[in-house]
Amino acid sequence: MTELSRWQFATTSIYHFLFVPVTIGLAFLVALLQTAWHRSLRWGGDPVYRRLTKFFGTLLLINVAIGVVTGLIQEFEFGMNWSAYSRFVGDVFGGPLAMEGLAAFFLESTFLGLWIFGWNRLPRPIHLACIWMVSLGTILSAMFIMAANSWMQHPVGYTINPQTHQAQLTDIWALFTNPVFYWGYLHVIMASIVTGALVMLAVSAWHLRKRHQVHAFRKTATLSLVVLLPAAALVMFFGGRLGINETKYQPMKIAAAEGQWNTCQPCSFSAFQIGGGNNDQNPDLIIPIPHLLSILATGTWNGKVEGMNQVQAQYVKQYGPGSYVPIVFIQYWGMRVMAYLGALIFLFALWGAYLGIRRRLDRSKWFQRVAIYAVVAPFLMTIAGWLLTENGRQPWIVQGLMRTTQGVSPSVSSTEVWISLIAFASIYIVLGAADGYLMIRYGRKALEEEPEAEDAREEKQPEGADVPAIVY
């Protein structure tokens, strides 16, 4: 029953989490495009930026429309399959979720509606502010969700009610100063920016390869690289800082991610290994990099990293009998998929920046070909990062407070979970196919030509003009 419920939640969460970074990243990039158009009006206006804003804004809307549906199911799962968990953490977990719904989601959805229907109706500065508010809403939404998740990784600012035996929030500020939260949140936001930039770059590269509207898509290829290069560097830096914090607060997670069974000092990083796992503490082959694990896990040259055997013994003494070792295979390869792809994306961004400086971005067929397929990388990184984070916490649903087996609903049968799991998976396959089809089909379309009269009206529109004047 517990494993089925875990499979169901993992399925819905991973699927939903494929849409989240695209929404956050594309909203930010679309806001930049519209800002570029707004600023271009000072010297006569460049309608290409407006067309690009609408083009990538449509891709954003497709992603939001399908992504929202997948997120709603997770809310119901807390009550259906994880009622014991919901009762235990409801007073803590409910706060950030309520703030996410009231402050972030409403902000995002309200201003997204104003932005969609505000073209040619709202004054330009207000319409521009709408898309920035959409971007802010997506970023705030991630903040509240990450605050709640970080509490599960490292509980802070709470007390256990002796009568109800439930966790109660005593310091909401502690949720947002949780060291696991702020490094994890920054890491997720930068990963989302990387995802959005690679989506925009892939679409632009496809059009550049086909020689469609080269002047326009060179602009978005350049913009996506300008955003991608620093974001790719920062996502690795913030991920490194998060790893150091997790070494302190969740040593088992980091030890499993490195396949480190025994405490070491200094510690070598396993770049690649054959064998190893929960039943094999002696891999057949390891390619070590001296001192690198000490640097990554502790931030020092000769730092000490506790091994799984030592942490297991400590937890048995602290929490009682049982296995506290997560699935090592998932941890080890989840970390490497995320880290190695992150490094490749950074090198790829450097390549693109070099071509951009040499003004060869629209002529390099090899770069364009790689850019089209590179869009898969951030989604693989997202899945690997999610598995690394959530599998690494097992067997805890709330680290040190509640085991996963204690959080499931006692009244739900395995048959019911099977039925809902199959239903959700079937719906997601259909939604995923629809999203992929729409994104690819629309992404291949040419920029829509707009009537010259509309361009002229936009460019001549005075600042702060009232609605009837704009409509006319």
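Mentor: Happy to! Let us start with a sorting rule: Ala, Val, Leu, Ile, Met, Phe, Trp, Tyr, Cys and Pro count as nonpolar, Asp, Glu, Lys and Arg as charged, and the others, Gly among them, as polar. Keep in mind that this is a predicted model.

Now use that rule on the largest cavity. Its lining has 5 nonpolar, 4 polar and 2 charged residues. You can find them in the structure as Gln250, Met252, Lys253, Tyr315, Tyr324, Gly392, Arg393, Gln394, Pro395, Trp396 and Gln399. The space inside this largest cavity is about 60 Å³, and the count of cavities of 30 Å³ or more is 2.

Next, the helix. Two packed helices are described by the angle between their axes and the distance between the axes. Take helix 6 (179-209) and look at helix 12 (residues 365-374): the two pack at about 135°, and their axes are 8 Å apart. That angle makes helix 6 oblique to helix 12, and the crossing is left-handed. On the helix 6 side, the contact is made by Leu198, Leu201, Ala202, Ala205, Trp206, Leu208 and Arg209; they meet Lys365, Phe367, Gln368, Arg369, Ala371, Ile372 and Ala374 in helix 12. Sorted by class, this contact has 10 nonpolar, 1 polar and 3 charged residues.

Helix 6 also meets helix 11 (residues 328-357), where the axes come within 13 Å and cross at roughly 50°. These two helices are therefore oblique to each other, and helix 6 passes helix 11 in a left-handed crossing. Here His187, Val194, Leu198 and Leu201 in helix 6 meet Met338, Ile345 and Phe348 in helix 11. The contact divides into 6 nonpolar residues, 1 polar and no charged.

Finally, helix 6 takes us to a pocket. The second largest pocket has a volume of about 660 Å³. Of its 21 lining residues, Val375, Phe379, Gly436, Met439 and Ile440 are the closest to its centre. Helix 6 is one of the elements that give two or more residues to this lining, along with helix 1 (2-40), helix 2 (47-80), helix 13 (376-391) and helix 15 (414-443). Helix 15 gives the most, with 6 residues.

Technical notes
Residues numbered from 1 in each chain as written. Predicted model: local features only at pLDDT ≥ 70, side-chain atom pairs only at ≥ 80, totals over all residues. Heavy atoms only, no water. 1 Å grid on protein atoms, 1.4 Å probe; cavity = no way out; pocket = protein on both sides within 12 Å on 5 of 7 lines; lining within 4 Å. Points joined across faces, edges and corners; volume = space filled by probe spheres on them. Helix = DSSP H or I, 4+ residues; strand = E, 2+ residues; numbered from the N terminus. Axes fitted to C-alpha atoms, helices over the stretch in contact; angles between N-to-C directions. Parallel < 35°, antiparallel > 145°, perpendicular 65-115°, else oblique. Left-handed = near helix turned anticlockwise from the far one by under 90°. Contact = heavy atoms within 4.5 Å.
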